[in-house]
Amino acid sequence: MFQSALMAEHQDMVQTAIVLDGTKGAIMYAAGANTGQGYDQGFNSLVTLCKRGQHVWVHNEHRDGHTVFPANYTTFSGFLLWEVESTPIVVG
């Protein structure tokens, strides 16, 4: 399972995607408002089958503004839910 969160600053828009070996799997979007605090957060998760050696990353799809807001508001993490048997189980 992979999860990502991002924060857009005041009046900025950002769109990112969780990518597995070049294939887009989940998209996040945030657009900061013109009023109030002006920040916005986007979140998403991707549950997928991964094999040893595959690469997963967050790609910046589109950014209209200055930056993605850091300071622990923009994150990426992944963890193993369970291992899948490498050999088929024969029943019967």
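Select strand β1 (residues 2-8) and then β4: seven bridges join the two, and they run antiparallel. Strands here are DSSP E runs of at least two residues, numbered from the N terminus, and two of them count as paired if DSSP finds at least two bridges between them.

The three strands form an open sheet in the order β4-β1-β6, with antiparallel pairing. β4 (40-46) and β6 are the edges, each with a single partner strand, so one side of each has no neighbour in the sheet.

A word on what you're looking at: this is a predicted model, where local features need pLDDT of at least 70, side-chain atom pairs count only at pLDDT 80 or more, and totals for chains, interfaces and linings use all residues. Residues are numbered from 1 along each chain as its sequence is written, and side-chain values use heavy atoms, leaving out hydrogens and water.

Colour by pLDDT next (the predictor's confidence in each residue, from 0 to 100). The protein chain has a mean of 85, and 89% of its residues reach 70 or more. Confidence is lowest in strand β5 (residues 56-64), at a mean of 83, and highest in strand β6 (residues 75-78), at 93.

Last stop: Leu 49, in the loop between β4 and β5. Is Leu 49 buried or exposed? Its relative accessibility is 54%, so Leu 49 counts as exposed (over 50% relative accessible area, with buried under 20% and partly exposed in between, using a 1.4 Å probe and protein chains only).

Technical notes. Helices (H or I, at least four residues) and strands (E, at least two) are DSSP runs, numbered from the N terminus.
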